[in-house]
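Please look over the sequence and the structure before reading on.

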Amino acid sequence: MAVILGTEALVTVGSPPSLPPQNLQNEPALAVDAAHPNVLAAGANDLIDFEACNAGDDTICVENGGMGFSGVYFSFDSGHTWIQPTYTGYSARFGINNSCLGVVGPDPGCTPDPQGPIGTLPWYYENGLSSGGDPAVAFGPRPDANGNFSWTNGSRLYYSNQAEKFGEAFKGFVAIYVSRTDDTAAAAAGDKNAWMQPVLVSKAKLCPLL
């Protein structure tokens, strides 16, 4: 019996290889489109949109400040090559006037760009949110106009994650949201509108102070 060995492929192709913390990823998840097995989607915690360690106080390396970190990636050749799309949103990847890259030693600090480049799920900032950890991805059948799900209608990608408030989007501190797209090709090409607005899944309640 012949054994076919797979080859490795870099998934986070849009993230810089040597600029901390923008080169940090963890907690990967993977899904295969059952109707089109060559189509794959992945999610991970990805700090590509965070300010660089040298911005502002050099002793503080990872400072969120509202940036999302739900990275998303696509492959259309069974995982041999990958695409990490770029959308627009609240970003400290470069910041206003490149202020989020910083220099060694004192500098004025990072001013994020509300319409900067993001390598993470879109539409979170616009909904008073920042995308967060524990990514999970899955493909399912697409519904028709009557809400009947069938693979003959096409495929839908779901991406669930934790989200934090960047406004007053929900009660509590952290909630579960789901993003969806029916057009992975457009989403992979950087079309922000290929994604539906993120939907709140959990119904958290405020805890009383003890």
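**Basis and fold**

The model is predicted, so local features need pLDDT of at least 70 and side-chain atom pairs count only at pLDDT 80 or more, while totals for chains, interfaces and linings use all residues. Residues are numbered from 1 along each chain as its sequence is written, and side-chain values use heavy atoms, with hydrogens and water left out.

The protein has one helix and 10 strands. Helices (H or I, at least four residues) and strands (E, at least two) are DSSP runs, numbered from the N terminus. In order from the N terminus, the elements run β-β-β-β-β-β-β-β-β-α-β. Of the 210 residues in the protein, 43% are buried; buried means under 20% relative accessible area, exposed over 50%, and partly exposed in between (1.4 Å probe, protein chains only). Among contacts with a separation of 6 or more, 63% are made by residues 24 or more positions apart, where contact means heavy atoms within 4.5 Å.

**Salt bridges**

Side chains of opposite charge can pair when their charged atoms come close. Three salt bridges are found in a search of the whole structure, a salt bridge being a side-chain nitrogen of Lys or Arg within 4 Å of a carboxyl oxygen of Asp or Glu. The table gives each pair.

| Pair | Closest N and O atoms |
|---|---|
| Arg93 and Asp49 | 3.2 Å |
| Lys192 and Glu126 | 2.5 Å |
| Asp182 and Arg156 | 2.7 Å |

Arg93 forms a salt bridge with Asp49, and the two lie 44 residues apart: Arg93 in the loop between S4 and strand S5 (113–118), Asp49 in the loop between S2 and strand S3 (70–75). Both Arg93 and Asp49 are buried.

Lys192 forms a salt bridge with Glu126. Lys192 sits in the loop between helix H1 (184–188) and strand S10 (199–200), and Glu126 in the loop between S5 and S6, so this pair ties together parts that are 66 residues apart in sequence. Lys192 counts as buried, at 13% relative accessibility, whereas Glu126 is partly exposed at 33% relative accessible area.

Asp182 forms a salt bridge with Arg156. The partners are 26 residues apart, with Asp182 in the loop between strand S9 (174–181) and H1 and Arg156 in strand S8 (residues 149–165). Asp182 is partly exposed, with a relative accessible area of 25%, and Arg156 is buried at 10%.

**Pro117 and its contacts**

Pro117 belongs to strand S5 and is partly exposed, with a relative accessible area of 26%. Neighbours within four places in sequence aside, Pro117 is in contact with Asp49, Thr86, Tyr87, Ser91, Arg93 and Phe94. Pro117 and Asp49 are 68 residues apart in sequence, and their C-alpha atoms are 7.7 Å apart in space.

**Disulfide**

The structure holds one disulfide, defined as a pair of cysteine sulfur atoms within 2.5 Å. Cys100 and Cys110 form this disulfide, with their sulfur atoms 1.9 Å apart. The torsion about the S-S bond is about 65°, so the disulfide is right-handed. Cys100 and Cys110 each lie in the loop between S4 and S5, so the pair ties together parts that are 10 residues apart in sequence. Cys100 is buried, with a relative accessible area of 0%.

**Pocket and cavity**

On a 1 Å grid over the protein atoms alone, a cavity is a set of points where a 1.4 Å probe fits but cannot get out, and a pocket is an open set with protein on both sides within 12 Å along at least five of seven lines; lining residues have an atom within 4 Å of a point. Grid points are joined across faces, edges and corners, and a volume is the space filled by probe spheres set on the points.

The largest pocket has a volume of about 190 Å³. Its lining has 15 residues, and Val11, Pro28, Ala29, Ala42 and Gly43 lie nearest its centre. Strand S1 (25–32) and strand S2 (40–46) are the elements that give two or more residues to this lining, and S1 provides the largest share, five residues. By class, the pocket lining divides into 10 nonpolar, five polar and no charged residues. Here Ala, Val, Leu, Ile, Met, Phe, Trp, Tyr, Cys and Pro count as nonpolar, Asp, Glu, Lys and Arg as charged, and the others, Gly among them, as polar.

One cavity of 30 Å³ or more is present in the structure. The largest cavity holds about 100 Å³ of space. It is lined by 17 residues, of which Gly68, Tyr90, Ile118, Tyr124 and Tyr125 are the closest to its centre. Strand S4 (87–91) and strand S6 (129–131) each supply at least two residues of the cavity lining. That lining has nine nonpolar, seven polar and one charged residues.
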